[in-house]
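Work through the following exercises with the model in view. Each task is followed by a solution in steps.

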Amino acid sequence: MTIKTAALFLAALLLTTALQAQVKKTAHHSSLKITLARGKIVYTNICLACHMADGNGVPTMNPPIVKTEYVLGDKTRLIKIVLNGFKEDVQINGQSFSNNMSPHKDLTDRQIADVLTYVRKSFGNKASSVSALQVKKVRASNG
């Protein structure tokens, strides 16, 4: 193999690798957009009445989901809140909230993953996605 042939081969290999990375990145971005769109539908139909369109909740009743540890923190805890509901008085951002949240075991693993991903990436939140597999595992160990 000549130097010129080797250089062309290397250039083609680098270009192919770069293109594959771009395709993968684009596919992930498209997949996330679909997840967020589905999550927004679930949020609008189920969560919006209590947590409001802006995610700020209702003072003393329904807590905000904007930049709170409950939303941005432990995914397992968050998944369990959706599955089991929430019946505790809680302090969030210096305010007390006491309204009960109904359980949503009727939602599919995909719907819970989508809505939690939507919430964790909307309203100024910047947290990782929740997968249907994560929800499935929590549901299975939840009893």
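**The chain as a whole**

Of the 143 residues in the protein chain, 33% are buried, where buried means under 20% relative accessible area, exposed over 50% and partly exposed in between (1.4 Å probe, protein chains only). The model is predicted: local features need pLDDT of at least 70, side-chain atom pairs count only at pLDDT 80 or more, and totals for chains, interfaces and linings use all residues. Residues are numbered from 1 along each chain as its sequence is written, and side-chain values use heavy atoms, with hydrogens and water left out.

**Exercise 1.** State how many helices and strands the protein chain has, and give their pattern.

Step 1. The protein chain has 5 helices and 2 strands; these are DSSP runs numbered from the N terminus, with helices being H or I of at least four residues and strands E of at least two.
Step 2. Along the sequence the pattern reads α-α-α-β-β-α-α.
Step 3. Among the contacts with a separation of 6 or more in the protein chain, 57% come from residues 24 or more positions apart. Contact means heavy atoms within 4.5 Å.

**Exercise 2.** Describe how helix α3 and helix α5 cross, and which residues make the contact.

Step 1. Two packed helices are described by the angle between their axes and the distance between the axes.
Step 2. The axes of α3 (residues 75-84) and α5 (residues 132-142) come within 10 Å and cross at roughly 65°. Axes are lines fitted to C-alpha atoms, for helices over the stretch in contact, and angles run from 0 to 180 degrees between N-to-C directions.
Step 3. From α3, the contact uses K75, T76, I79, K80, L83 and N84, and from α5 it uses Q134, V135, V138, R139 and N142.
Step 4. Sorted by class, this contact has 4 nonpolar, 4 polar and 3 charged residues. Ala, Val, Leu, Ile, Met, Phe, Trp, Tyr, Cys and Pro count as nonpolar, Asp, Glu, Lys and Arg as charged, and the others, Gly among them, as polar.

**Exercise 3.** Classify the ring pair of Y70 and F86, and say where the two residues lie.

Step 1. The structure holds 4 aromatic pairs; rings of Phe, Tyr and Trp (its six-membered ring) pair if their centres lie within 6.5 Å, and planes under 30 degrees apart count as stacked, over 60 as edge-to-face and the rest as tilted.
Step 2. The ring centres of Y70 and F86 are 5.8 Å apart and the planes stand at 80°, so the pair is edge-to-face.
Step 3. Y70 lies in helix α2 (residues 69-72) and F86 in the loop between α3 and β1 (90-92), 16 residues apart.
Step 4. Y70 is partly exposed at 22% relative accessible area, whereas F86 is buried at 15%.
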